[in-house]
Amino acid sequence: MNEEPINRASLEKLSFSDLVQLADEYGVDVPEDLDRRFLIAELLEIAEESNNKEEEMVIATDNDEQQPPVFCGNFNETQVSCVLRNPAWLFVFWNLNSNDAAKISEDPSSSLRLRICSLTDPKDLKPEEAFEVQTPSQSQEQYVLIPKGKKFIKVELISVVAGASEVLAFSPVIAIPQGSSLVNDLQPGRDVTFSPVIELSGMQEIITEQYKNHRHSFS
Amino acid sequence: MQKILSLVIKASQDFIRHSEEDIKSNAPVLNSFYESISNIYIPLLEMIEKLEADNIKYRFALVLPPVLCNMLSDPILQDEYIKWLDKRNDLGKAELRRNKENTEICAIINKTIETNKKLKADFENKYNKNLIPVFAEYMTKGYIELMGTCGTDIFMPHYADLKEIISAQIECGLHAYRQYFGIMPEGFWLPEMGYTPGIEKLIRAYGYTYTILDSRSILFSENVPEAGIFYPSRTENSLVIFARNRVIDSELFGENGIIYSECYRNTNRDIGYELPMEKLSPLMDKDGIRYSTGFKYWNRCFKDSGHLYSEECARKQAQKDAEAFVEKRLNTLNKAAELLPKYNFVTEICTLDISKFRSTWSESIWWLEEVIRKAADAGLSLLSCDRMCDEQYNLEKVEPYFSAGIGQGYGENLLSSKNCWMMRYVRKSCERMIDLAGRFPMDTGLKTRLLNLGAKELMLAQNSNLARKINRSEFPQFAEKRFKESIAAFTSVFDSLGSNTVSTEWLTKLEAKDSIFPWMNYRIFTKKR
């Protein structure tokens with residue numbers, strides 16, 4: 001096994017044959033037509049799996065004095081935001097100001113949760129339904145699966161300190177795309193008839209692709 | 001009935017800092033930019049010229065984003081391109097010496113050197129170093145429709161709740177288009193075809209007539225139009241919608257796509273990736289990362305440890321592939337015409353991504369030229385979408401579905417575990433920019449300069465290509481650095497305005513480095529009342 005630390009900077013300098021040799025040392029089978037970019041990505045993944053943290057260190061030094069403290073991922077402001085990753089998954093991210101962060105860290109039994117509220121109208125104050133998700137520790141972001149058939153979603157950031165829960169922040173209301181019933185009702189072998197023009201437009205290919213990529217999310 | 005093949009060619013370009021101190025560190029990404037000039041933009045202009053000479057009737061749409069127009073018009077980069085061609089040929093001369101025993105390889109090297117010499121001569125003498133006026137000329141002659149787009153390639157669904165941000169991007173793109181080409185475009189290219197309900201109102205508000213969506217947006221809408229993807233439809237506010245046929249992309253670039261034909265040049269086997277660094281010194285820094293040199297001797301056949309590339313064979317293959325491609329389009333359009341007898345035309349929209357052409361398919365422009373020639377021979381009309389909007393207010397109405405032309409249909413690759421960290425910074429900067437535009441509505445002098453710089457930096461950070469590059473591991477260091485530079489600059493602007501202090505040296509230096517959108521007016525981010 002190669003003893004040199006593996007990171008992107010060092011791999012980008014290697015010739016293709018050196019990369020293949022290194023991949024061989026790591027037991028990676030390299031197809032003849034493999035793109036250099038994929039080979040580097042594969043080797044980095046292996047390095048990461050082997051707990052080699054060099055890559056991150058190099059990235060940090062790359063940004064030297066130009067990188068201001070803003071990249072700590074916080075703005076000393078308690079806020080929760082969300083963006084649709086696709087019609088079934090929501091990407092939620094949040095920040096805590098120093099007071100809120102201190103309150104939570106002082107109490108070992110405290111926790112931070114996301115409450116996913118579905119609304120029938122974007123102006124509704126009370127949710128039609130809601131469920132809570134425990135946030136992962138040390139993280140400020142999470143992907144959340146959106147319950148099927150909802151029209152509007154709002155996310156609340158909740159702290160639970162000494163048994164009492166408090167809404168720290170809430171996101172703007174997000175409209176969930178409403179499309180054809182087909183999107184939400186994909187079933188293998190389901191007999192659906194389309195007009196010949198719609199067939200010719202590639203409907204079957206798109207449904208197959210949708211089923212292949214999203215069956216666990218959309219149905 | 002008229003059967004229309006509508007080709008839409010989309011270029012993309014990230015802004016690359018190119019001040020004296022940046023040129024060396026950004027050499028790998030600048031290399032890609034110069035390769036685009038050599039392999040795509042100049043050959044595309046030559047193709048148009050040849051087709052014009054042969055009196056072929058055609059019109060296709062071209063998307064030249066503002067960042068690309070800015071870089072192609074930049075005198076520093078124009079001169080650097082010429083130097084880059086010279087350096088490539090210096091490397092070529094060294095390659096001739098290294099391969100002197102192999103006449104076949106020497107022939108390929110000589111061909112590459114000659115091509116570079118011709119590119120240099122044409123760039124300097126025929127195009128006066130600036131390709132933009134040449135594209136504008138062909139637009140005036142009617143061979144190309146130049147579509148408008150955003151200031152940078154923002155993925156709109158991620159900003160659906162920040163309407164000021166989307167409006168500012170559309171306005172910036174429109175302004176750039178007027179600056180470079182002097183007219184108001186009819187068609188709006190939606191970056192990554194990223195559509196979410198509501199953005200049609202913002203696009204239409206700027207006077208655009210049509211846009212193009214992925215077929216999924218139409219086929220997954222609640223009421224699918226009767227003519228499917230073969231005829232335009234319109235949104236509630238009469239923005240005309242065309243649907244690209246997404247299947248075509250996989251025919252070209254998919255697992256068994258035609259670009260993988262054995263005769264075509266193997267774009268991965270470049271000496272830049274194979275030789276020891278010291279032998280590449282005319283072109284690249286021995287301590288830097290490797291990149292392509294243009295000296296690629298092998299085709300895509302891997303039998304018997306590879307076969308040498310033959311241009312003649314590749315040209316024949318491009319002709320064959322173009323013929324098969326046109327045949328497929330003709331069959332589809334004939335079937336559609338039979339099924340839709342009441343309609344006056346049927347169309348198939350084919351979107352082609354230049355960045356894929358550049359990086360994976362050396363023969364792409366030969367193929368494209370053959371497609372145009374063969375389509376014209378086969379009786380297909382080659383038209384751009386602006387010529388199909390006559391019935392704008394009578395088209396069937398549709399409520400398109402959220403969709404994108406990338407990722408797994410929804411742009412998921414722009415919000416993956418590798419790049420989702422970017423979202424919190426860029427969204428926070430968006431909120432701050434809207435706030436600043438409202439707080440400083442009538443300011444002048446240094447504050448205006450600061451705010452305009454902040455507006456530019458925010459737009460550069462919103463470029464979705466950066467997230468895509470990080471996800472694809474394509475120059476991820478550059479993409480991350482570029483993003484962080486812009487966010488850091490924006491944050492400094494925000495802090496300076498908050499503390500009411502500014503370093504003019506810092507401001508002037510950054511204005512020179514990020515020399516894009518010189519007309520920027522930060523008030524485009526103001527909340528519309």
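In this predicted model, the largest nonpolar core comprises 194 residues, and those with the most contacts inside it are Val92(A) and Leu382(B). Helix H18(B) gives the most to this core, with 10 residues. Leaving aside residues up to four places away in sequence, Leu382(B) touches Leu5(B), Leu7(B), Tyr58(B), Arg59(B), Phe60(B), Ile372(B), Ala375(B) and Ala376(B). A second, separate core of 7 residues includes Leu14(A), Leu22(A), Ile40(A) and Leu43(A). In soluble globular proteins, nonpolar side chains tend to be buried together.

Chain B contains 19 helices and 9 strands. The radius of gyration of chain B is 24 Å, close to the 24 Å that the globule rule gives for 529 residues, and chain B is therefore as compact as a globular protein of that length. The C-alpha trace of chain B spans about 70 × 65 × 45 Å along its principal axes. Of the 529 residues in chain B, 54% are buried. Among contacts in chain B with a separation of 6 or more, 79% are accounted for by residues 24 or more positions apart.

Two domains are assigned in chain B: domain 1 (2–15 + 35–75 + 87–148 + 185–264 + 309–388) and domain 2 (416–525). Taken over C-alpha atoms, the centres of domain 1 and domain 2 of chain B are separated by 32 Å. To the contact between them, domain 1 of chain B contributes 7 residues and domain 2 of chain B contributes 7 residues. The side of domain 1 of chain B that touches domain 2 of chain B consists of 3 nonpolar, 2 polar and 2 charged residues.

Helix H17 (residues 464–472) of chain B is largely enclosed by the rest of the structure, because 8 of its 9 residues are buried. The buried residues in H17(B) are Ser464(B), Asn465(B), Leu466(B), Ala467(B), Arg468(B), Lys469(B), Ile470(B) and Asn471(B). These buried residues of H17(B) pack against H15 and H18 of chain B. Just after H17(B), Ser473(B) adopts a positive phi of about 60°. Elsewhere in chain B, Lys24(B) lies in helix H1 (residues 20–25). Lys24(B) is exposed, with 10 other C-beta atoms within 10 Å. A distance of 41 Å separates the C-alpha atoms of Lys24(B) and Phe402(B), which are 378 residues apart along the chain.

At the interface between the chains, 53 residues of chain B are in contact with 50 residues of chain A. On the side of chain B that touches chain A, helix H9 (215–219), helix H11 (271–274), helix H12 (311–339), helix H15 (421–439) and helix H18 (476–499) of chain B each supply at least two residues. The largest share of this side, 7 residues, comes from H18(B). By class, the residues of chain B on this side divide into 25 nonpolar, 13 polar and 15 charged.

In chain A, strand E4 (residues 129–134) is hardly covered, the count of buried residues among its 6 residues being 0. Strand E3 (residues 111–119) of chain A is joined to E4(A) by 6 bridges, and the two strands run antiparallel. Within this pairing, Leu114(A) stands opposite Val133(A) in E4(A).

Definitions and conventions: Residues numbered from 1 in each chain as written. Chains lettered and ligands numbered in written order. Predicted model: local features only at pLDDT ≥ 70, side-chain atom pairs only at ≥ 80, totals over all residues. Contact = placed C-beta atoms within 7 Å. Helix = DSSP H or I, 4+ residues; strand = E, 2+ residues; numbered from the N terminus. Nonpolar A, V, L, I, M, F, W, Y, C, P; charged D, E, K, R; others polar. Domains from an automatic or database assignment. Buried ≥ 20, exposed ≤ 12 C-beta atoms within 10 Å, placed from the backbone. Pairing = 2+ DSSP bridges. Core = buried A, V, L, I, M, F, W, Y, C linked by C-beta atoms within 7 Å. Rg over C-alpha atoms; globule rule 2.2 N^0.38 Å.
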